[in-house]
Amino acid sequence: MRTWLPLVIVVTLISLGLWFTESPPEQLMGKRPTQQEHNKAADLIIRDARTRHFSAAGTLAYEVDAERVTFFQFARRDRADLTEPRMMFYQGEDSRWRTESRSGVAYNNGQKVVLRGDVSIRELPEPGITLRTPSITIKPREEFAETDKRVTITDGPNRTTGKGLRADLKKDKVEILSDVESSYEAQ
């Protein structure tokens, strides 16, 4: 009988080990994430990020800085959540426009960037015009911006407000779409 006892103990331990491995109890192994939960996880997080983007001619087209970039890669597209993003657009070697906001989301490798929260776009060199809006969509490669939100444009003491905006940053052309009101100070 004693010769069978060690063999029975070994077989029992192996059987219990296989049973736990094949069907692990949640309290021992922890809960496994579902595919949907797995897809929500960030693929990459970068702090104090700075990227430079160049034109086809090899000149600096624009820069993007952010306190934090959280990148998500999905099957058909990607998304990057930006914390305190700043963008600088260049014309030739000169910086021409600077954007700032509290947050932003870049889609499809930065083809479209949506800025939110106290968005300001400043014409450089200062003093130039400043655009302010709660939210704006920018297509950096086209240097085009648009919004359907309320916009305020200031140029020194002069002020123009309205609803909706299209801005061709490359051509320095800004168009307010509706409800335009302006106040100008004579010089």
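## Thr51

Thr51 counts as partly exposed, at 35% relative accessibility. Here buried means under 20% relative accessible area, exposed means over 50%, and partly exposed lies in between, with a 1.4 Å probe and protein chains only. Thr51 belongs to strand E1. Helices (H or I, at least four residues) and strands (E, at least two) are DSSP runs, numbered from the N terminus.

Leaving aside residues up to four places away in sequence, Thr51 touches Tyr62, Glu63 and Val64. A contact means heavy atoms within 4.5 Å. Tyr62 is 11 residues from Thr51 along the chain, and their C-alpha atoms are 8.6 Å apart.

## Basis of the model

This is a predicted model, in which local features need pLDDT of at least 70 and side-chain atom pairs count only at pLDDT 80 or more, while totals for chains, interfaces and linings use all residues. Residues are numbered from 1 along each chain as its sequence is written, and side-chain values use heavy atoms, with hydrogens and water left out.

## Overall fold

The protein has three helices and 11 strands. In sequence order the pattern is α-α-α-β-β-β-β-β-β-β-β-β-β-β. Of its 187 residues, 33% count as buried. Take the contacts between residues at least 6 apart in sequence: 33% of them join residues at least 24 apart.

## The largest pocket

The largest pocket has a volume of about 400 Å³. On a 1 Å grid over the protein atoms alone, a pocket is an open set of points where a 1.4 Å probe fits, with protein on both sides within 12 Å along at least five of seven lines; lining residues have an atom within 4 Å of a point. Grid points are joined across faces, edges and corners, and the volume is the space filled by probe spheres set on the points.

The lining holds 20 residues. Thr51, Val69, Ala80, Leu82 and Ala106 lie nearest the pocket centre. Strands E1 (44-54), E2 (60-73) and E3 (78-83) each supply at least two lining residues. E2 gives the largest share, six residues. By class, the lining has 14 nonpolar, four polar and two charged residues. Nonpolar covers Ala, Val, Leu, Ile, Met, Phe, Trp, Tyr, Cys and Pro; charged covers Asp, Glu, Lys and Arg; the others, Gly among them, are polar.

## Arg68 in E2

Arg68 sits in strand E2. Its relative accessible area is 28%, so Arg68 is partly exposed. Beyond residues up to four places away in sequence, Arg68 touches Ile45, Ile46, Arg47 and Asp48, and also Asp81, Leu82 and Thr83. Ala80 lies 12 residues from Arg68 along the chain, with 9.7 Å between the C-alpha atoms.

Thr99 is placed in strand E5 (residues 94-100). Thr99 counts as buried, because its relative accessibility is 0%. Its contacts, not counting residues up to four places away in sequence, are Pro85, Arg86, Met87, Phe89, Leu115, Ser120, Ile121 and Ile138. Thr99 and Arg132 are 33 residues apart in sequence and 9.8 Å apart, C-alpha to C-alpha.

Lys171 is in the loop between strand E10 (158-168) and strand E11 (173-183). With a relative accessible area of 63%, Lys171 is exposed. Lys171 and Gln91 are 80 residues apart along the chain, and 9.8 Å separates their C-alpha atoms.

## Backbone details

Leu124 and Pro125 are joined by a cis peptide bond, with omega about -5°. Pro125 lies in the loop between strand E7 (112-123) and strand E8 (130-139).

Two residues other than glycine have a positive phi: Asp48, near 50°, and Glu143, about 55°. Asp48 is in strand E1. Its relative accessibility is 60%, so Asp48 counts as exposed. Glu143 is in the loop between E8 and strand E9 (144-155). Glu143 is buried, at 8% relative accessible area.

## Rings and charges

A charge sits over a ring if NZ of Lys or CZ of Arg is within 6 Å of the ring centre and within 35 degrees of the ring normal. The charged end of Arg79 sits over the ring of Phe72, 4.3 Å from the ring centre. Lys112 lies over the face of Tyr107, 5.3 Å from the ring centre.

Rings of Phe, Tyr and Trp (its six-membered ring) pair if their centres lie within 6.5 Å; planes under 30 degrees apart are stacked, over 60 edge-to-face, and the rest tilted. By this rule there is one aromatic pair.
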